[in-house]
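Welcome, and take a moment to look over the model below. We will walk through it together, one part after another.

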Amino acid sequence: MSAGTPGPAGPGRVTPGPVAKGSGTTTARRLSRRALLLPVGVVCILIAILPVLTGNQYYQNMVIISLVIAVGAVGLNIITGFAGYPSLAQGAFLGVGAYTAAIGSVKIGGSPFYWMVLAGIVAGFMAFLLGLLSLRTRGFSFAIITVSFLLLTRIIVQNWRGLTNGSDGITLPLPYWDRAYMNWPFHFALVALLILSLLLAWRIRRTKFGVGLIAMREDEDKAGAVGVNSPTYKLVGFVCSAVFVGMAGAVYGYYLTFVDPIGMLGLLFSVQIILAVLLGGKGTIWGPVLGAFIIEPLNEVANNQLGGGNIRLVIFGGGLVLVVLLLPQGIIPTLRKKITLYQERKHPGLTGARIELCERPMPAVRPELSPVNILEVRDLNKRFGGLQAVNGCSFGVPEGSITGLIGPNGSGKTTVFNIITGMMKADSGEVYLDGKRIDGLSPWNRAHLGLARTFQITRLFGEMTVLENLVAPLRDFSVGQLNRTAMTGAEAAKAEELLALVGMTAYRDRPCSALSYGQRKLVELAQVLALEPRVILLDEPAGGINPTLIERLGELIVELNGSGKTFLIVEHNMPFVMGLCNPIRVLARGATICEGSPEHVQQDQCVLEAYLGGDYAVEPKGEAVA
Amino acid sequence: MFVQTLILGILVGGVYALLASGLTVIFGVMRIINIAQGAFIIMGGFITYTAWKRLGLDPLIVVVISMIAMYVIGWAIYFVAVRPVRRAPVTTSVLLTFGLAFFLEGVMGFIWGNNSVTVRPSYVDTSLHLGQFYLPQNLLYGFILAIVIMAALQLIFTRTWLGRSIRAAASSEDAARLVGVKISAVAAVTFALGAASAGAGGAIVSLMGPFVPGSQILWITRLLSIVVLGGLGSVPGAVIAALILGVGEALMSTYVSPLWSPALSIFLIFFILAVRPQGILGTKLREDVAQ
């Protein structure tokens with residue numbers, strides 16, 4: 001993103017708001033982090049060099065398997081923790097990696113370590129395929145498709161005997177190195193893989209890619225509407241989550257010197273990986289590792305002291321149930337929250353703080369209506385089952401105008417919005433933006449072209465702060481974008497400017513889920529402005545907010561309009577619409593029944609009929625209009 | 001040969017229909033995919049096995065016991081584990097019931113062991129002959145029983161106050177609550193009825209071949225493919241899809257290989273979720289932007 005982009009607010013330099021109160025907390029958190037750093041670091045280093053310290057096979061084995069689960073969990077965390085997709089297929093990538101190394105080293109030759117790279121590639125490719133298959137699925141259908149994928153992998157491995165030797169499994173060559181160093185290569189290879197996966201996760205968390213994934217977790221449709229190319233993000237996320245797991249699988253198979261469908265593609269392994277992520281804390285960097293190092297010792301106890309088999313199913317199945325019920329956030333986020341609460345107990349919250357209004361000169365004259373339509377819909381039709389929601393709807397939005405779209409409830413306004421922004425596909429009809437036909441484009445491509453919208457009930461990324469919400473929108477897509485820093489100084493500065501514009505500076509570091517309804521409306525407006533759109537669609541901007549805010553909103557819209565933005569506004573608050581919009585389009589039963597200036601629309605017989613019914617006696621006009 | 005395969009497929013499909021309707025009804029009312037439904041079925045099978053082995057009762061009579069037992073177990077599981085996550089995101093309930101499935105598999109392993117068991121009353125290996133075709137008696141009785149139980153469930157749904165409140169809750173929970181339906185009770189009954197239908201299905205399944213606690217995963221895959229194909233939440237869709245899968249699996253076993261017949265349901269899942277996520281009879285309604 002280029003640094004010196006001028007803010008959308010042409011007129012009205014804004015006085016910067018007071019510094020947010022969150023900074024004190026951040027320092028405190030840093031301090032507590034520093035205090036933790038030493039003991040945690042020491043433990044990590046001790047584990048990393050364990051085979052040098054002890055020759056005890058039991059502990060070495062436990063740490064090796066913990067590392068395998070940890071690599072799996074850190075990978076899974078990318079797709080499940082960041083992007084919110086609950087994949088049950090993680091075990092499949094481990095198995096695929098192990099089989100790749102086994103088949104390669106037995107049928108072709110060479111150490112399984114050489115085959116590790118191919119194992120990573122094959123696992124990544126499988127993840128890509130699964131990603132393609134599951135592009136249209138979310139939530140439970142995604143979970144279903146991933147568990148099916150795992151089972152299918154197992155069935156294929158069991159039945160493709162020529163390649164995999166079926167249920168008999170494959171015995172790998174024995175390690176060739178000195179017995180004194182028996183486990184060292186496995187251990188250090190896995191430590192290296194874990195470090196690489198952690199670096200990857202850490203990097204992702206700090207890039208546009210990571211922010212996009214988290215935005216998708218919070219609200220995927222909304223992410224699309226602010227320009228996040230979600231299918232690509234999802235595919236890349238999937239591949240990232242699988243590559244190192246595939247490589248770890250190769251090491252694990254070599255370590256066991258035997259791979260078979262039950263050992264390598266067991267469902268319980270996937271359960272353990274998920275449990276590690278949930279237990280440690282999904283969405284955190286270290287949580288999955290912590291989880292893995294809790295799960296595996298439990299596994300050993302279950303196997304050696306409790307007889308294995310069914311008890312493992314009971315422990316890990318039951319463990320998953322308990323974690324979901326009792327510790328849904330996981331260990332690390334829960335502790336973090338406790339610490340924050342403890343440190344914040346003396347600081348008053350921001351609840352009830354005032355939204356600052358800043359004085360700005362208003363543009364004096366409303367620009368003349370342009371003859372050119374920047375946005376135009378032609379003959380839109382949309383049917384939901386038996387309901388014709390939109391029925392041959394056509395209208396234009398003149399460039400530089402504030403166009404109002406009104407109509408009785410159920411007249412199809414929001415559906416038209418959804419069709420214009422691409423969140424819904426029309427059965428037929430065309431949408432043009434600046435003369436270019438856009439109805440075949442995805443929501444994010446439309447956003448990139450300069451089309452932005454807000455929602456009737458605001459949709460923000462609740463777990464992100466206000467500032468993060470403002471830098472989440474993307475104005476284009478490129479592969480390089482994925483690796484760009486999540487928030488550059490210039491972006492942050494621009495976001496601050498937008499926040500000041502809507503008067504929400506004091507809330508910069510609050511999570512959006514903590515904002516009130518009206519505040520969210522303002523933040524959402526600032527968020528879509530970050531897209532630097534040419535056309536802004538507002539869905540009931542004045543709905544449910546107090547009169548002062550409504551006035552403020554009206555001023556803002558006029559001001560932004562003065563700086564060249566075109567608006568299309570759906571609204572039921574008639575004084576607001578009549579005072580602000582010109583021209584107005586009236587929708588009833590899915591079609592445009594009247595178009596023109598507010599005065600014209602108010603007198604139109606069809607409009608009165610649509611709103612009030614045919615037998616309503618028409619009052620002299622004027623009083624109700626602001 | 002082909003017609004014979006078709007007949008067997010339809011008989012099996014009828015049983016699948018009963019099993020899948022429980023899963024799809026639970027989804028319809030609670031928006032929860034109960035991954036543990038496969039474990040419920042196997043548990044019903046083991047209860048039937050015990051009653052047949054110890055008491056010498058015919059599995060077709062044990063259906064009643066198995067249903068009642070699973071109703072009670074389902075009710076208890078609902079209150080302990082499912083109720084707290086009813087309002088949580090789907091991800092949460094999927095993970096929870098996924099864990100539950102393995103937990104129950106382990107518990108069954110403790111109680112009944114991990115060796116495969118079969119329920120073999122006298123008629124298991126005999127068939128009725130209709131011209132040149134044969135109808136294996138166990139499948140035939142299972143099919144008839146499944147139809148009877150589904151008809152009974154259908155009567156509950158359409159003719160009783162309970163059924164009306166379940167359907168009301170399925171179409172809009174908030175509206176149902178507003179008109180005085182006690183949603184928590186309805187959800188509990190639905191979940192327990194779903195478990196009971198799995199109990200009945202399990203009794204029938206126990207007649208169809210050997211099973212182990214681990215068979216739950218095979219069954220849940222089948223059921224998922226059926227409800228996904230039929231459209232989540234749609235009972236008629238599930239019935240049609242169950243018949244399609246039953247016939248498909250029979251054809252696959254006969255003409256390709258029995259080894260690959262479990263893969264059929266998985267391919268179905270992939271295909272449908274990738275191409276038409278709403279299934280055969282599921283309509284894609286306006287996913288309101290204002291959720």
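Two residues are in contact if their C-beta atoms, placed from the backbone, lie within 7 Å. This is a predicted model, in which local features need pLDDT of at least 70 and side-chain atom pairs count only at pLDDT 80 or more, while totals for chains, interfaces and linings use all residues. Residues are numbered from 1 along each chain as its sequence is written, and chains are lettered from A and ligands numbered from 1 in the order in which they are written.

Let us begin with a pair of helices in chain A. Helices here are DSSP runs of H or I with at least four residues, numbered from the N terminus. Helix H3 (residues 57-82) of chain A and helix H8 (residues 184-205) of chain A have axes that come within 9 Å and cross at roughly 20°. That makes H3(A) roughly parallel to H8(A), a term for angles under 35 degrees. Such axes are lines fitted to C-alpha atoms, for helices over the stretch in contact, and the angles run from 0 to 180 degrees between N-to-C directions.

Which residues meet? From H3(A) they include A:Leu67, A:Val71 and A:Phe82, and from H8(A) they include A:Phe186, A:Leu190 and A:Ile204. By class, this contact of H3(A) with H8(A) has 17 nonpolar, 5 polar and no charged residues. Here Ala, Val, Leu, Ile, Met, Phe, Trp, Tyr, Cys and Pro count as nonpolar, Asp, Glu, Lys and Arg as charged, and the others, Gly among them, as polar.

Now step back to the whole of chain A. Its domain assignment gives domain 1 (33-341) and domain 2 (373-458 + 534-612), with bounds that come from an automatic or database assignment. The C-alpha centres of domain 1 and domain 2 of chain A lie 48 Å apart. Their contact takes 7 residues from domain 1 of chain A and 8 residues from domain 2 of chain A.

Next comes the meeting of the chains, where 41 residues of chain B are in contact with 43 residues of chain A. On the side of chain B that touches chain A, H4(B) gives the most, with 17 residues. The residues of that side of chain B divide into 31 nonpolar, 8 polar and 2 charged.

Finally, find B:Val3 in helix H1 (residues 2-30) of chain B. B:Val3 is exposed, with 9 other C-beta atoms within 10 Å; the cut-off for exposed is 12 or fewer. B:Val3 and B:Phe133 are 130 residues apart in sequence and 8.2 Å apart in space, C-alpha to C-alpha.

Methods
Helices (H or I, at least four residues) and strands (E, at least two) are DSSP runs, numbered from the N terminus. Angles under 35 degrees count as roughly parallel, over 145 as roughly antiparallel, 65 to 115 as roughly perpendicular and the rest as oblique. A residue is buried if 20 or more other C-beta atoms lie within 10 Å of its own, exposed if 12 or fewer, and partly exposed in between; C-beta atoms are placed from the backbone.
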